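Subject: Structure handover and notes

Dear colleague,

Here is the structure you asked about. Please open it first, then read the notes below.

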Amino acid sequence: MRRLIWAVVASAAVTTMAPAIAAAQPAATAADTRAVVAVLARYKAAIEQLDPRGTERLFAADSRIFESGGDEGTYAHYLEHHLTPELGDFKSFAFSEYRIDVRFVDGAALATETYRYRIVPKTGDAAERLGVATSVLRKTGGEWRIVSMHNSARRPKAS
């Protein structure tokens with residue numbers, strides 16, 4: 001009986017203290033949120049400038065890139081075999097209606113970006129798409145780096 005009473009008391013204490021414990025855990029700072037947004041903004045700007053040089057510093061060495069249902073490998077592989085050649089085929093790439101949401105879970109930053117983009121190739125017709133990207137970032141050596149990024153896109157519905 002004594003154990004049952006102790007279990008009930010302990011359970012009640014944990015239940016009533018849970019919100020206080022959760023509030024006492026260190027939350028991500030506004031500076032962390034700004035830093036994560038800045039990493040993703042630098043990547044987005046490089047795409048719009050059609051110049052990905054230096055973007056490898058935004059990614060962890062063991063990063064993984066997933067795009068429209070495909071596993072593109074590490075960012076270094078994606079950069080060399082996919083992104084750089086693709087950007088070389090474009091006259092312009094422009095994002096619009098860009099929104100970002102960042103939250104933190106167990107020390108990782110989870111970012112969701114939604115946007116429209118328009119690609120004008122050097123030859124052929126322009127393409128407009130609705131896109132979404134989900135990225136996981138971790139802080140290493142005081143810097144936020146992308147460890148996983150998944151992008152997908154679809155044609156907007158005809159209006």
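Two strands are said to pair if DSSP finds at least two bridges between them. Helices (H or I, at least four residues) and strands (E, at least two) are DSSP runs, numbered from the N terminus. On that basis, β5 and β6 form a hairpin with two residues between them, and G141 in the turn has a positive phi of about 60°.

This is a predicted model, in which local features need pLDDT of at least 70 and side-chain atom pairs count only at pLDDT 80 or more, while totals for chains, interfaces and linings use all residues. Residues are numbered from 1 along each chain as its sequence is written, and side-chain values use heavy atoms, with hydrogens and water left out.

Strands

The antiparallel strands β5 and β6 are joined by 11 bridges, and S135 stands opposite M149 in β6. β5 (residues 127–140) also pairs with β4, in the antiparallel sense, over 12 bridges. Here R118 faces E128 of β5. β4 and β5 form a hairpin too, with five residues between them; G124 in that turn has a positive phi of about 100°.

The loop between β3 and β4 contains G107. G107 counts as exposed because its relative accessibility is 56% (buried means under 20% relative accessible area, exposed over 50%, partly exposed in between, with a 1.4 Å probe and protein chains only). From G107 to K139 is 32 residues in sequence and 7.9 Å in space, C-alpha to C-alpha.

Helix α2

V39 lies in helix α2 and, at 2% relative accessibility, counts as buried. Leaving aside neighbours within four places in sequence, V39 is in contact (heavy atoms within 4.5 Å) with L58, L137, W144 and I146. V39 and E143 are 104 residues apart in sequence, yet 9.3 Å apart in space, C-alpha to C-alpha.

Aromatic rings

A pair of aromatic rings is described by the distance of the centres and the angle of the planes. Rings of Phe, Tyr and Trp (its six-membered ring) pair if their centres lie within 6.5 Å; planes under 30 degrees apart count as stacked, over 60 as edge-to-face and the rest as tilted. The whole structure has 11 aromatic pairs. One of them is Y75 with Y78, a tilted pair at 6.1 Å centre to centre and 50° between the planes. Both residues lie in helix α3, three residues apart, about one turn of the helix. Y75 is buried at 1% relative accessible area, and Y78 is buried at 3%. The rings of F90 and F93 have centres 6.1 Å apart and planes at 45°, so this pair is tilted. F90 and F93 are both buried. One aromatic cluster is formed by F90, F93, F95, Y115 and Y117.

Largest pocket

A search on a 1 Å grid over the protein atoms alone calls a pocket an open set of points where a 1.4 Å probe fits, with protein on both sides within 12 Å along at least five of seven lines; lining residues have an atom within 4 Å of a point. Grid points are joined across faces, edges and corners, and a volume is the space filled by probe spheres set on the points.

The largest pocket has a volume of about 380 Å³. It is lined by 22 residues, of which E67, Y78, F93, Y115 and N151 are the closest to its centre. Elements that each supply at least two lining residues include α2 (30–48), α3 (75–87) and β3 (90–105), as well as β4 (108–121) and β6 (143–154). The lining has 15 nonpolar, three polar and four charged residues (Ala, Val, Leu, Ile, Met, Phe, Trp, Tyr, Cys and Pro count as nonpolar, Asp, Glu, Lys and Arg as charged, and the others, Gly among them, as polar).

Regards
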